[in-house]
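This report describes a single protein chain from its coordinates. The sequence and the model are shown first.

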Amino acid sequence: MALKGSAQALARDYPGLKRGAILAFVLIELVFSPLAGVAADAAGKGVIHISITDIQPQKSGALVILLYDRSGWLNAEKAIRHIEVPVDGKDALELTLTDIPYPATYAVQLFRDGNGNHKLDMHWFPLPGPDEPYGFSNNYKPFAKPDFLKASFPLNKSEMALQINMRN
């Protein structure tokens, strides 16, 4: 039996390696090497459709939508996307985020920026909490500092939809 390619390299570099072990390496390579190409081909750009309800049209200010990965969680400067949308009396809004790398895990934070300072204002007494309407993906309602894992969702296909209900 003639050895070819990587099997020849194994036989040359490790002369004590038995022919059966070399054959096992070759079989493993044949089985798993096509999968590496599939994983590389699966990486792409996806689309996230977000439906936002309960925006509270009586409140003033723009709606701020932030898309995070784990490394940038709750740091607006590290957000994957930062969008501000005037809502002008709307109670609901549909928007689409495009060119989002996948597969990956993300989380969305949104809030109604009533005073135009581009951040979610908080109060600390009697209990800490947001002063402006807010929402997270998975309709997660934190009772302390928001946890990325509870708000996160996998984007593992080219298109997906989220629904977020605003809270206040």
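## Basis of the report

The model is predicted, so local features need pLDDT of at least 70 and side-chain atom pairs count only at pLDDT 80 or more, whereas totals for chains, interfaces and linings use all residues. Residues are numbered from 1 along each chain as its sequence is written, and side-chain values use heavy atoms, with hydrogens and water left out.

## Fold and surface

The chain has three helices and ten strands (DSSP runs numbered from the N terminus: helices are H or I with at least four residues, strands are E with at least two). Along the sequence their order is α-α-β-β-β-β-β-β-β-β-α-β-β.

Of the 168 residues, 33% are buried (under 20% relative accessible area; exposed is over 50% and partly exposed lies in between, with a 1.4 Å probe and protein chains only). The accessible surface is about 10200 Å², and carbon and sulfur atoms hold 58% of that surface (Shrake-Rupley method, 1.4 Å probe; for residues, only the protein chains shown count as cover). Among contacts (heavy atoms within 4.5 Å) between residues at least 6 apart in sequence, 66% join residues at least 24 apart.

## Nonpolar cores

The largest nonpolar core has 23 residues (a core is a set of buried Ala, Val, Leu, Ile, Met, Phe, Trp, Tyr and Cys residues joined through side-chain atoms within 4.5 Å). The members that touch the most others are Ile48, Ile50, Ile52, Leu63, Ile65 and Val108. At least two residues each come from strand 1 (44-53), strand 2, strand 4 (93-102), strand 5, strand 9 (152-155) and strand 10 (159-165). Strand 4 gives the largest share, five residues.

Leaving aside residues up to four places away in sequence, Val108 touches Ile50, Ile65, Leu66, Leu67, Gly135, Phe136, Ser137, Phe153, Leu162 and Ile164. A second, separate core has 13 residues, among them Leu66, Tyr68, Trp73 and Leu120.

## Largest pocket

The largest pocket has a volume of about 510 Å³. A pocket is an open set of points on a 1 Å grid over the protein atoms alone where a 1.4 Å probe fits, with protein on both sides within 12 Å along at least five of seven lines; lining residues have an atom within 4 Å of a point. Points are joined across faces, edges and corners, and the volume is the space filled by probe spheres set on them.

The lining consists of 24 residues, and Leu120, Met122, Pro130, Ala144 and Pro146 lie nearest the centre of the pocket. Two or more lining residues come from each of strand 2 (62-68), strand 5 (104-113), strand 7 (129-130) and strand 8 (134-136). By class, the lining has 17 nonpolar, four polar and three charged residues (nonpolar: Ala, Val, Leu, Ile, Met, Phe, Trp, Tyr, Cys and Pro; charged: Asp, Glu, Lys and Arg; polar: the others, Gly among them).

## Backbone details

Most residues other than glycine have a negative phi, and most peptide bonds are trans. The bond from Tyr102 to Pro103 is cis, with omega near 0°, and Pro103 sits in the loop between strand 4 and strand 5. The bond from Phe125 to Pro126 is also cis, with omega near 0°; Pro126 is in the loop between strand 6 (122-123) and strand 7.

Leu74, not a glycine, has a positive phi of about 65°. Leu74 lies in the loop between strand 2 and strand 3 (81-86) and is partly exposed at 29% relative accessibility. His118 likewise has a positive phi of about 65° without being a glycine. The loop between strand 5 and strand 6 holds His118, which is partly exposed at 44% relative accessibility.
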